[in-house]
Amino acid sequence: MKIKRTLKWSAPAILLVLFAWFEFAYWTSTNDCGRKIPPGAQLMKAIKYCEYGPPDAVLKLGQVEKPAPNDNQVLVRVRAVSLRFFDSGMLEGGVGRLIFGLRKPKNTTPGSDFSGTVEAVGRNATEFKPGDEVLGVRAGALAEYICVRLNGAIASKPVNVNFEQAAAIPTALVALQGLRDTARLKAGQKVLINGASGGVGTFAVQIAKSLGAEVTGVCSTHNVDLVKSLGADHVIDYTKEDFTKGDERYDVIYDLVNNRSFAERRRVLKPGGICVLAGVGGSGMRKETLFNLAGELTAALRSKFSKEKFVMFGVDINKKDLGVLRDLTESGKITPALTKTYPLTETAAAYNYLETGHASGKIAITIE
């Protein structure tokens, strides 16, 4: 007779296993900072950070090995990189360690949204040729050169913007997909954009207008003129007025701040309206980020029992939508709201400004 044995795990045993796994993962996490550059290798400048910490302490400009494209890649001479809200969180560690590396950062060159010029192409890279101006998304972009896969997020640069502006365009993927795909925003609908003056918000205002919506932007006093200049039909200064207590009702709330309760936002949605939860406010990935994410999740779950929906979404970084954004830029329907630029030698200053959590528009770093 066979005797079935079942393994029962007590709570202390499970915690012990999890702790052991965490310790193993922590002490085995490393990066390439200790790797020696082969003799005779071609070199390039790049920003490196080998440990977590504040920008001034960990960001270093140094010499690293220049990459070479394989058959399915293009080599891009990077001209500019724009910063995203989570970039500062990559440096500081904190809760971001769960993504970027527990003990040390896995990818030691920060930055992802770039623009530049194609320097060389692989054997199968027929879509681009040397000299083509491009933009895209590729981890480790704060360097003189990067290799990008043909099927990766890369597209031709709009002809009517400079490299710094072009590097800001990939951020607009969040606004495009959140409004077009998740909210299914239609012409004539009313949309409120909470956080209209930020990196994503400035694009969201313009994309909503390009879709034919009536746009209300929420921002601080300092940024009212900026949001108006982007085409917003109405602007609410949150230091003087609470949009959740007004008489207006909206088909869509595109929320990049998540600083109002489920009930407050639901109150100003039209019956059957939707609130797209597209951000957590500020910059970086800190303790408050977890609380804001928990608030978004709670709102999304509660909305399952109401006519008004609260939806979290994740951006899909793809070359097709980069092409859509290029076309919108070339047609004049969107213009990157670039407010500050820094040279590569002042990368730490750019990150310090980003960490204030009150940066308006986009920040770019130029690589000469």
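Student: Which two cysteines form a disulfide, their sulfur atoms 2.0 Å apart?
Tutor: This is a predicted model, in which local features need pLDDT of at least 70, side-chain atom pairs count only at pLDDT 80 or more, and totals for chains, interfaces and linings use all residues. Residues are numbered from 1 along each chain as its sequence is written, and side-chain values use heavy atoms, with hydrogens and water left out. A disulfide here is a pair of cysteine sulfur atoms within 2.5 Å. The pair with sulfur atoms 2.0 Å apart is Cys 33 and Cys 50.

Student: How many residues apart in sequence are the parts that Cys 33 and Cys 50 tie together?
Tutor: Helices (H or I, at least four residues) and strands (E, at least two) are DSSP runs, numbered from the N terminus. Cys 33 lies in the loop between helix H1 (11–28) and S1, and Cys 50 in the loop between S1 and H2. The pair therefore ties together parts whose separation in sequence is 17 residues.

Student: Is the disulfide of Cys 33 and Cys 50 left-handed or right-handed?
Tutor: The handedness follows from the torsion about the S-S bond. For Cys 33 and Cys 50 that torsion is about -95°, so the disulfide is left-handed.

Student: Is Cys 275 buried or exposed?
Tutor: Buried means under 20% relative accessible area, exposed over 50%, and partly exposed in between (1.4 Å probe, protein chains only). Cys 33, at 29%, is partly exposed. The relative accessibility of Cys 275 is 0%, so Cys 275 counts as buried.

Student: How many salt bridges are there?
Tutor: A salt bridge is a side-chain nitrogen of Lys or Arg within 4 Å of a carboxyl oxygen of Asp or Glu. One of them joins Glu 51 and Lys 104, at 3.5 Å from N to O. By this rule the count is 16.

Student: Which residue forms a salt bridge with Glu 127?
Tutor: The closest N and O atoms of this pair are 3.0 Å apart. Glu 127 sits in the loop between S4 and strand S5 (133–137), and its partner, 192 residues apart, is in helix H11 (residues 319–330). The partner is Lys 319.

Student: Where does Lys 209, which pairs with Asp 233, lie?
Tutor: Lys 209 and Asp 233 form a salt bridge, with their closest N and O atoms 3.1 Å apart. Asp 233 is in the loop between helix H8 (224–229) and strand S10 (234–237), whereas Lys 209 lies in helix H7 (residues 199–210).
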